[in-house]
Amino acid sequence: MFKKPLSNIKTSGISLFISAESAGRSAAPLRSSDRRKLKQRVIQAYGISPELGDLLVPDGLMSQKVATYIVVYLSSEGDPLWFTIGKGADDLIPTVYTLWKKFDLLPRISTPETVIPVLLGGADLMISRVLFPALRGWSSTHAIVQVSSPTVLPQQLVSIVQRTVGSSSTCGPPLAVGRLAVDSNTLKTGAKGKAVHVLHTWKDHLFDMGNKADPPGEMELKEDGGGDDDAPQSEPSGDPNRTNGAASNALPPAESLAPAYVPQISTSAPSEPAFSKEEVSDILRVAVLQAINTALTSLTSASFPIPASTFYSSYILPFRPAFVRKSSSDEQSQPSSSEASSSYPQIDIKHSSYKSLLAFFKFLEKQQILSLKDMKPEPLVTSVLATHPDVVAHRPYTSLRDVQIKEEKRGKREESSKVEMEVKELWKPHVASGSAKFFIEGGLDSSALYTYAELKSAVNKYVDARQLTTPRDRSYVNVGADEVLSTVCAKGGAPESVKFLRQQDIVQRLSQKMQSWYEVQAEGKDAVLKNGQLKPISVVVKVRKGKKASTVDSFIFSASSHSRDPYSPKSRTPRATSIPRGMDYYRVDCTLVTGFEPFFLEAEEMADELSRLCACATSVSPAPGKASGQEVLVQGKQIKAVTEFLLSRGVPKRWIEAAALTRKGKK
């Protein structure tokens, strides 16, 4: 996948525009909310603990789009840790840097040392006649297949490790990542074809984006009772200072904030379910009481009836208790919301004592907690009884829905509290206009850049040193009494006849005689200093006109007869045709965004995000009348949505200029 330099990789026929050397510099830091979402995806996809999730998805994570549909996530040191392939891809694929932190994150396929250089050259792993080829004279480029998990399926991600010669208790670290091409049974039967489609290897160009470290030492294996199935122990036998790569995957126990009758999780046998069927049934019933007590009572009668499946997914599953009690202690603790969501046990109708959802609702109806109407294809919940003794006696607890709402609010707060970009307008003295002489006479550096506040201070210092203020009104300066100041304040080639000016007018005229510069600095990015006047981002609603051809259906009558008798066989027979009527003109409101490049915004990324936020079509095109720069077009009147998007990206409000033009072109 990454055997060619990143500038030469093609995905769907589109070449990459970034090199490996510049990838780390152009990577954008992830917001903390996005980093938590990414961590949650990793925890759920690979079944690891939140603590291990912090190790594999560390703080300071950055993202880099290296192709149209390839995104790489890098650590703060620039090491690629994860990548995705494909538009809207859900699979987060670990790199070898990540697998070296946790060897057993993926199922492993062992292969001889002689195969590794072939894989590093870009070849896939083959399986034809794979069992002990050296004894039968077969090619050494085929793998001796030893799979760490007997349940691997085609297209599942696997890692490829080097088998240690003469040792059955150790193997090398992961050196490649790919997708399994066949099932594990096919691997062991000696079929022909490819075993693994390799996506990424040690020493490929994706690996070269990082620190290019050497692989860690061999890892110890322990027998699993499955013959060729092996699993790493808690530590590799290589570098003792390396982070423990085989940390426990056991789900962290958590205490309950729910009532005392919520049962405990059993951690003695990980293969056994955490709750019995009866306990799951009790928890589901408690979730119904929680939903009635906190949410369903506020619904109007018009909200009923509710289909049973909708009631189950909207008012039972979200209202399950978010936390459970530890089995080793009776003390209570509150784990984080990420722990609660990642380690939540299997509490659903499938693992309860009821055979179906209908049976569960029949039970609730029998207890008079709700009323049910049996209909096809599914029953309807017609009402709930808020005055039921169990509902009244129910003590509300923290539910999964409460945790989700809290997370959403925290994410919105972080978005709103995002640090704004720091934008500075600067001015540099200019020799030809005479402004440089003003700074030289005032004892200031004529080659430095000055802010507006510094210009004001320089004018005050110059005026005070020469006592140019008028005695009656110190806000006015006697400009005519100083030749240098008179030259600076002149609007034409010769000094003006105006003798007195306010100090603020002098500062303004001085800035007009200087070169304009600007500096933009955003969080996590290098400051950009450029010559020229910075203009605000333009967000304008305009009316775009277009043309479309239209036709009108008419009838042409045959001239073979002029009889008026409709029953005559020679009466006129109509023949339908289409006659062009001309061109129809249409008007479409659209929002145009230009001038965003100085604020670290990319046109394609902005168009994709605005298309999602506004649920409308967007397009990117060169900005008219400009040698460089692009224009993002958003369908409809979207000034508010575009402005909120720009503010969320840290653009100061004063640098956003919004206007809605009428059809006559006026504001």
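Visitor: What should I know before we start?

Guide: This is a predicted model, in which local features need pLDDT of at least 70, side-chain atom pairs count only at pLDDT 80 or more, and totals for chains, interfaces and linings use all residues. Residues are numbered from 1 along each chain as its sequence is written, and side-chain values use heavy atoms, with hydrogens and water left out.

Visitor: How many helices and strands does the protein chain have, and what makes a run count as one?

Guide: The protein chain has 19 helices and 27 strands. Both are DSSP runs numbered from the N terminus: a helix is H or I with at least four residues, a strand is E with at least two.

Visitor: What share of the residues is called buried, and by what rule?

Guide: Of the 667 residues, 42% are buried. Buried means under 20% relative accessible area, exposed means over 50%, and partly exposed lies in between, with a 1.4 Å probe and protein chains only.

Visitor: Why is D124 called buried?

Guide: D124 has a relative accessibility of 19%, and the limit is under 20%, so D124 counts as buried.

Visitor: What makes D124 and K194 a salt bridge?

Guide: A salt bridge needs a side-chain nitrogen of Lys or Arg within 4 Å of a carboxyl oxygen of Asp or Glu. In K194 and D124 the closest N and O atoms are 2.9 Å apart, so the pair meets the rule. K194 is partly exposed, with a relative accessible area of 36%.

Visitor: How do you know that β12 is largely enclosed?

Guide: Six of the eight residues of β12 are buried, so the rest of the structure largely encloses the strand.

Visitor: Which strands are joined to β12?

Guide: Among them is β9, which runs antiparallel to β12 and is joined to it by two bridges. Two strands pair if DSSP finds at least two bridges between them, so β9 and β12 qualify. Here M126 stands opposite K194. Strand β11 (residues 170–180) is joined to β12 by five bridges, again antiparallel, and G178 stands opposite V198 in β12.

Visitor: What makes β15 and β16 edge strands?

Guide: The open sheet has three strands in the order β15-β17-β16, with antiparallel pairing. β15 (306–307) and β16 (370–373) each have a single partner strand, so one side of each is left without a neighbour in the sheet. Two bridges join β15 to β17 (residues 380–384), and I306 stands opposite V381 in β17.

Visitor: Which helix lies across β16 and β17, and how is its angle to β16 defined?

Guide: Helix α11 (residues 357–366) lies across these two strands, running at about 130° to β16. Axes are lines fitted to C-alpha atoms, for helices over the stretch in contact, and angles run from 0 to 180 degrees between N-to-C directions.

Visitor: Why are D374 and K362 still called a salt bridge at 3.9 Å?

Guide: Their closest N and O atoms are 3.9 Å apart and the limit is within 4 Å, so the pair counts. D374 is in the loop between β16 and β17, and K362 is in helix α11, 12 residues apart. K362 is partly exposed, with a relative accessible area of 37%.

Visitor: How many salt bridges are there by this rule?

Guide: The count comes to 16. One of them joins D34 and R31 at 3.2 Å, N to O. R35, K39, D54 and D59 are linked in a network of salt bridges.

Visitor: Why does R320 have no salt bridge?

Guide: The nearest side chain of opposite charge, D348, is 5.6 Å away, and the limit is within 4 Å, so no salt bridge is counted. R320 is buried and is found in the loop between α9 (308–315) and α10 (337–342).

Visitor: What does R320 touch?

Guide: Contact means heavy atoms within 4.5 Å. Not counting residues up to four places away in sequence, R320 touches residues including L284, Y344 and I347. The backbone oxygen of I347 lies 2.6 Å from a polar atom of the R320 side chain.

Methods
Lys and Arg count as positive and Asp and Glu as negative; His and the chain ends are not counted. A polar contact is a pair of N or O atoms within 3.5 Å; within protein, one must be able to donate a hydrogen and the other to accept it, and residues adjacent in sequence count only if both atoms are side-chain atoms.
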